[in-house]
Amino acid sequence: MIFQDGVLELDLITSTALGAILLILGTLLSKKVRFFRDYCIPAPVIGGFGFAIAAWILHGSNVSISIDKTLGDLFMFVFFVTIGLGGSFALIKKGGKILFFYLLVCWGLAIFQNGLGVALASVLGIDPLLGVVSGSAALEGGHGMAAAMAPFIEESGGTGALTVGMAAATYGLVAGSLLGGPLGNWLIKKKNLKIETDEGWSRSLDDTAGKKDVKNHLTAKNIFTLIAVILIVLGIGTNVAKWITNATGFTVPGHVFSLFLGLIFSSINSSKNYVEMNSKGLEIISIISLELFLTMAMMNLKIWELYDLAIPLIIILVVQTIAILFIAWFIVFRITGKNYDAALLAAGFIGHGLGATANGLAVMDSITTKYGVISKKAFFIIPVSGSMLIDLVGVPSIVIFTNLFAH
């Protein structure tokens, strides 16, 4: 740690240790403060954003803080690989046509949010790349995706992408939590829907319930196996991505390519079982890497960069919000059955389409608590789509739009 010429430079270990401390503080506050609980504000956002506010105050006194992002970037790469390894093409087949239809809408939303963001940014006279980062990267993707894609967007010319993306994602968390439940409840009342769920569908997903999952027993061996697979996928994925970029001139981020490489490996391995992949261990690695990388990304926010972008960003986000409400009402509700399950899916769609998967689950939980009937269909489709399968189109969409408007 060095202080020189008004800049406090934190080395790799100090930066990472500070990130861990902020994550712990954020976790404590997320449990203690009702606002954070009600709107599912992630602990990394709470801790990291608190540090960003302190950095903003110091900036006003001509003191800057420099964070070493080396391990934060590694955590980001690891997280993306775990997304791929945690999914498979078999999941789409397992969910049936309703999951497939729902995914089509989610994939369409990713492209739509980026296109709308770019169009509005151009009309409002700001960089179209900021329209991309405040589109599906921040809204459908959430803080994690916005933080992961921001460096790539900034390298493509989108100055301030990280700050804009984090601000948009925070707005999305609150808006998704506030609007999802009321829309679902309104659909149930307006359409006079029967409070019943498709139990036949849910039982087909639970046909293995009650069986002991011995593969989830954690040992040093299977944790090492997971780490080895993740590092191998990263080693291959990042280098192939560089080769593709150099050969085509179309920038392919290493962590994005590694995600799809992980997905391909998982799909093959799930049927052939070449390597025993411990799902519980993979989930733990994914959560830890996500929370640490997101905390460290939030620490690097430059809030003062939002001064001139505040009004255009608000306009973009309000229009995006109105658009997703209509999509949930006129498309999601209709193609998923126009019943109680569909109303829950429409509500959850707003929750994770604006905020995060946790928001989608939270708004559906508020509705099922009121009516006393849980839809296993909805509670399967939302997390499977929101946390894994959306990225099959969402991530390439961000990459394509960024390349199109790079400067």
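The model is a predicted one, in which local features need pLDDT of at least 70 and side-chain atom pairs count only at pLDDT 80 or more, whereas totals for chains, interfaces and linings use all residues. Residues are numbered from 1 along each chain as its sequence is written, and side-chain values rest on heavy atoms, with hydrogens and water left out.

The secondary structure consists of 17 helices and three strands, where helices (H or I, at least four residues) and strands (E, at least two) are DSSP runs numbered from the N terminus. Because a compact globule of 407 residues would have a radius of gyration near 22 Å, the 21 Å of the protein agrees with that expectation; the radius is taken over C-alpha atoms, and the globule rule is 2.2 Å times the number of residues to the power 0.38. Of the 407 residues, 50% are buried, a term that means under 20% relative accessible area, with exposed meaning over 50% and partly exposed in between (1.4 Å probe, protein chains only). Among contacts with a separation of 6 or more, 80% join residues 24 or more positions apart, a contact being heavy atoms within 4.5 Å.

Side chains of opposite charge can pair when their charged atoms come close. How many salt bridges does the count come to? The count is one salt bridge, defined as a side-chain nitrogen of Lys or Arg within 4 Å of a carboxyl oxygen of Asp or Glu, and the side chains of Asp 341 and Lys 377 meet in such a bridge at 3.9 Å, N to O. This pair links distant parts of the chain, with Asp 341 in helix H14 (residues 340–354) and Lys 377 in helix H16 (residues 376–389), 36 residues apart. Asp 341 has a relative accessible area of 1% and is therefore buried, and Lys 377, at 4%, is buried as well.

Two further positions can be followed in the helices. Ser 289, in helix H12 (residues 279–299), is buried because its relative accessible area is 3%, and, leaving aside residues up to four places away in sequence, Ser 289 touches Phe 75, Val 78 and Phe 79. Ile 227, in helix H10 (residues 220–248), counts as partly exposed because its relative accessibility is 39%, and its C-alpha lies 9.7 Å from that of Gly 281, 54 residues apart in sequence.
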